[in-house]
Amino acid sequence: MVQARLSWRLLLTVPDPDPVHNYLITLTTYKKRFTRESQTVEICPRMESSRFYFFLFALAIFASPALSDLLLSKVDRRVYLTSHIVRISSTLKVENAGPETVSEVLLAFPEQQAKNMAYLMATPHEGKGKVKNPVVALPVEVVNPKDMPPALTFFSVSLPKGLAEGGSFTFDVLAVFTHALRPIPEQITQADIQLVLFQDSAYYLSPYAVKAQSLTVKLPDSRIESYTKLESTKIHGSEIKYGPYENLPAFSYSPIAVHFESNQPFAVAQELVREIEISHWGNVQVTEHYKLVHGGAQSKGEFSRLDFQARPNVRGASAFRYLVANLPPRAHSVYYRDEIGNISTSHLRGDSKKTELLIEPRYPMFGGWRTAFTIGYGLPLQDFLYESEGKRFLNITYSSPMVELVIDTLIVKVVLPEGSSDISVAAPFHIEQWQETKISHLDIDGRPVIVLKKTNVVPEHNQYFQVYYRFNKLSMLREPLMLISGFFFFFVACIVYMHADISISKSSASYLAKQQWEEVQAVIQQVQNIVSRCLAIHDKLEASLRDLYRTGDIQACKAARKAADGVLKELSKELKPLLTTLQSSPSAAQILPKVEELVAKERELQEKVMVKHSTVVDGYEKKSGARDIENRVALQQQKLTALRQEVDDLLEFIDEI
Amino acid sequence: MAAVANMPVSDLLKSFKLKTKQQELLIRVSILCLVYILAFITRLFSVLRYESMIHEFDPYFNYRTTLYLTQNGFYDFWNWFDYESWYPLGRIVGGTLYPGLMVTAALIYRILHFLRFAVHIREVCVLTAPFFASNTTLVAYFFGKEIWDTGAGLVAAILIAVCPGYISRSVAGSYDNEGVAIFALLFTFYLFVKAVNTGSLAWSLASAFGYFYMVSAWGGYVFIINLIPLYVLVLLITGRYSMRLYVAYNCMYVLGMLLAMQIRFVGFQHVQSGEHMAAMGVFFLMQVFYFLDWVKHMLSDTKLFQAFLRITVTCAVTVGTIALGLGMLSGYISPWTGRFYSLLDPTYAKDHIPIIASVSEHQPTAWSSFMFDFHILLFLFPAGLYFCFKRLSDATIFIVMYGLTSMYFAGVMVRLILVATPAVCLISAIAVSATVKNLTVLLRSKNKGVQTGSTKGSGSSKASSKALLDQSQPFQKNGAIALLFGAFYLLSKYATHCTWVTSEAYSSPSIVLAARGAHGSRVIFDDYREAYFWLRQNTPPDAKVMSWWDYGYQITAMGNRTVIVDNNTWNNTHIATVGRAMSSYEDEAIEIMRSLDVDYVLVVFGGVTGYSSDDINKFLWMVRIGGGVFPVIKEPDYLVNGEYRVDKGAAPKMLNCLMYKLCYYRFGEMLTEYGKPPGYDRARGVEIGNKDIKLEHLEEAFTTSNWIVRIYKVKPPNNRW
């Protein structure tokens, strides 16, 4: 029954193109030649070219005499299918049965899996209950051992120390796969749930014989459409257990398939460009440009907003509405926008440990729908930039802060400040890298940019990497200095423009008139100056009179008058040539009478002041009473104020011209 | 005003040892700087409240073209054939737009990049309009100074900086031609008046270039090319002909015309189109006038001259009429366009060109919008006119004519309030400045009078006459103070009104709608961008989208998809075809849509949110425009007793036409308001008449979260077996 349903579903699918096909052929040829034990199953003719996993057959290709005499005494595998990133975590206990010391263990993966493999890490196994020491990963590298089936990809794990005869070592292997869940059916409507298929082997595929093994498949929930039943298969809620199997030879293979419901967000970033820009003024600005697609089953038919709004968990179960990003603590000025503007549906929560950003795309993401957006945030510089041995280095995580996101192509650009030199990168895994320049605000020759590119990235890649560079502190002042000098030159240019004579024809009538007028203005200004100085002297005389009232020091007062007299005479001398120039200049004709009036009034004022002064002083000398002097001066005083008023008015009038 | 502001500061300034003149200059410059900044920041409400984004409809096209210009360079822009609009016709963009705005923005962008400011072109576009508004205030100052005095110039600068009539089209993000065109318009006028006042060739050359910039920026240049000849004609008639005028007009007209021909969209219209003939006629008239003047100068005999005058004038008029008649008959001179007619005769468009009449900004202006946009300027305007007539000069005659004609046009078409605004501001500024100046002079002289009166015991004859004046008008001082306070009260009211209008009415981007939620919180409806971005991401790149023309520019700019019709309403038939498809039954419409290769249909629907400017409310225009070309569509079919309705009582054709179906598809199942039946349309306040809508050839592809935009996919034809 299960079989029938499966094949019915598979009939809908289009046969895959070549790689699998090749794989199948090579494998079957091996089978023909080397089969030791074969379990034949009925072959569905349509399947032959595409889905070999569905056939129950065990594959034991090699006796592998060439290999070292290792054997795996215990293998525990756990497959986590709880998100769209498939994680297979295995604990291997390896034993050396041969005489030679072995220091390398081979791990085998079928090509299909190896193609999707994003991450592989081996760590020494820590017993339960122990305090976790910082785990040191064992070195893993791709190898091509001889006499092995080419359809398998091999990785070699170097053990911390050689394994002598009879010795054993336990280690964990974490393999992470992307695009390993295949949606079947490939197209669903809004109301359908999303079913995906996972394929693997029930037996651990290994070039070594395995003594005891078991497999656990962990599913997101207990709704399972179908799964391959072998002997000793158990199901517990959302877990399927295969095994234990004992004493299986090398290259045992028994395909299993699990077809189950998964409504986890299938968020795949087809391209992510992260730009990390360092400013030594205290900020690390991160800008991330996402091109996102829902990588699950394609949606078909109509999208009804009404249904989606009424029952979003039923009509739209396969869609995802939001993404969560865990930003570093103290991230600030977070923004979320796309090509056409800000997207208002986002929430930011922060505490001292992390900043959580929840973003909703503009529309719910159904299968196959795309979106593109940019998030950006600033980080405090001191959290990420350090100094060692005269070099600075940036220490920041490589990948996206998004939770459970698969990134097909990740490009990280680290923009260093202008003037950085001697740049090097230290990364925990292999990254393609090159250098560019970017011209940003106030740059002259651009900032050096380190570009780091990696394909098939999973959250496990979110590790710290370092960019080392040298940077002179004085270069920091470059940009402010540029701004300052820019303004400086602007003002200098303004001053030059105001003072320079840039008229073309120096002989034209209007130009000459203008120049004459300017001269006249200058002269008038001088006249005004002199007049106001005279007025100041009058004020001084008045002040000396006041002193006289107070102290009765007649001599000082007389001296003051003498001095004032001298200065006033000099001033009137100075005034004469100015007045003659004004009289000679034709363009001053309008203003001349006023100026002359001003000068005349001022002279009158001067005389009156002198008269007043001498009257008062005389009065004092004659010791007449204060009241008497007051009476005598009163009339003069009135005239003085009137005159002063007129002079002031005239000054103002001339000023306004 | 400056003088009053002067008082408290003057002590401070005296400590800097500045002379009154320098003080005044300093105050003037600082006021101008402040006004310049004020004009800029008062337009930033939308950026602060929403974001730095392009507003409305046309600006999106301008933004898209600017983007193209900066990316591909000027020549590509000039030769750009746009396949993405007016499918399948396309549009020769380079030859059918006014490039001034885009070139300006691209130039600013280049300059900023040259100065090493790595700004995004969008920011430049968003801030172009406020920047030019700031420049306009400077021009207004100089213009005011030219026609009246510096005080009037300052007041004009302040008034225009915050006048809502101008702000409506120049807030940040309103990246439209008018943003730079009002600056260009006022600048051209200023330069021309300056040229007339000085008779200087340099100024009239500058005004020709100003005119060139205006032509490159906006179709409203026709106003300049008709107003200036009219002004010249008035000066000729009133006997104010002078050599200055001759130099100014001839230089400006000839050079301006030649320069304007460089703009491809304008081409040879200056010599071929009826709208530009007035300028040419006045040009020839000027020559005749000059010639007559010369002859008069040569002939001493007045009788002989009278005879000569008669003959010459008759000849000139006959030759002119014959030339015009021949030109019209042979088709060399094109007749006036519909738009021009509709300006002169407000009822013309309503009867003849529904596409012009359908645009909301082309409606006749209501009194309320005058009040809204001008506030106290509406009362100050006549007062200013009085002052202008009191002190007639060439310059004031110009501003009076500009004010009166533009006010008429503002009454005809609501968007032309924009053109009237500078004139209204300038004339009102004259009124304010003259009044305040008179009042302060009165106050100052009186103060002095009182002072001298108290100090002088007997007093001279002058003082006694002043005292006499004081006695004759005992409340003069108080009256002046009261009037001054009144003026300041009105002006401050104006300022608050302007700020309020700017913040409440004119700073909404209209792409993003904001409403108050139940708890007073702000709710944002970002449905337009949701839909456009969905189109951009989830439809094939060559998909053709059919929608009413309003959304064309936005779909191409934000959705990056081909549209059938857009806001450049150059092809009435094409628009009518879309209107016809929207107002037909589905099986008729599908034929039209297939013939246009339509893949998606986009409608705007406000029934859920109560958004009233949606397609159902615009539908009658689709029927009218469609019916104007295709008589199959008859407006009465959609009306019941001359009433337009969507509920049960609606006309059957209405209930089953494509637009109705697309808007209300599955709406009948939806509860929009508590206590109302399902399918209650909140925009129109009725329960819809057809709740069981089945679509045969279309399927719902996307509906935004508030249902404002609904997109339908045209299904491929069914297999025949």
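A salt bridge is taken here as a side-chain nitrogen of Lys or Arg within 4 Å of a carboxyl oxygen of Asp or Glu. By this rule, the count over all chains comes to 58 salt bridges. The model is a predicted one, in which local features need pLDDT of at least 70 and side-chain atom pairs count only at pLDDT 80 or more, while totals for chains, interfaces and linings use all residues. Residues are numbered from 1 along each chain as its sequence is written, chains are lettered from A and ligands numbered from 1 in the order in which they are written, and side-chain values use heavy atoms, with hydrogens and water left out.

In general, side chains of opposite charge can pair when their charged atoms come close. A:E277 and A:R447 form one such salt bridge, with N and O 2.6 Å apart. This pair links distant parts of the chain, as A:E277 lies in strand β16 (residues 267-279) of chain A and A:R447 in strand β30 (residues 447-457) of chain A, 170 residues apart. Helices (H or I, at least four residues) and strands (E, at least two) are DSSP runs, numbered from the N terminus. Both A:E277 and A:R447 are buried, where buried means under 20% relative accessible area, exposed over 50%, and partly exposed in between (1.4 Å probe, protein chains only).

A:D445 and A:R478 also meet in a salt bridge, at 3.5 Å from N to O. Here, too, distant parts of the chain are linked: A:D445 sits in the loop between β29 (432-438) and β30 of chain A, and A:R478 in helix α5 (residues 478-499) of chain A, 33 residues apart. A:D445 counts as exposed because its relative accessibility is 52%, whereas A:R478, with a relative accessible area of 30%, is partly exposed.

Helix α6 (residues 509-551) of chain A holds A:D539, and helix α9 (residues 626-656) of chain A holds A:R644; the pair links distant parts of the chain, 105 residues apart. A:D539 is partly exposed, at 38% relative accessibility, and A:R644 is partly exposed as well, at 25%.

Strand β24 (residues 370-380) of chain A is largely enclosed by the rest of the structure, because ten of its eleven residues are buried. Two strands are said to pair if DSSP finds at least two bridges between them. Strand β17 (residues 283-294) of chain A runs antiparallel to β24(A) and is joined to it by eleven bridges, with A:T287 standing opposite A:G376. Strand β20 (residues 332-338) of chain A also pairs with β24(A) in the antiparallel sense, over four bridges, and there A:Y335 has A:G376 as its bridge partner. β20(A) is in turn joined by two bridges to strand β21 (residues 341-342) of chain A, again antiparallel. A:R337 stands opposite A:N342 in that pairing, and the two strands, β20(A) and β21(A), form a hairpin with two residues between them.

Attention now turns to the meeting of the two chains. The contact (heavy atoms within 4.5 Å) takes 36 residues from chain B and 39 residues from chain A. About 3400 Å² is buried between chain B and chain A, 47% of it given by carbon and sulfur atoms; buried area is the accessible area (1.4 Å probe) that two parts lose on being put together, summed over both. Four salt bridges are found across this interface, and A:D307 and B:R666 meet in a salt bridge at 3.1 Å from N to O. On the side of chain B that touches chain A, the elements giving two or more residues are α2 (20-41), α23 (417-455), α26 (527-538) and β10 (698-703) of chain B. The largest share of that side, seven residues, comes from α26(B).

Finally, some regions are named in UniProt records, whose positions are given in the numbering used here, with feature names shortened and annotations that may be inferred rather than shown by experiment. An unreviewed UniProt entry lists residues 52-72 and 480-500 of chain A as "transmembrane region". Over residues 480-500, chain A is 95% helix and 0% strand, with its end C-alpha atoms 30 Å apart.
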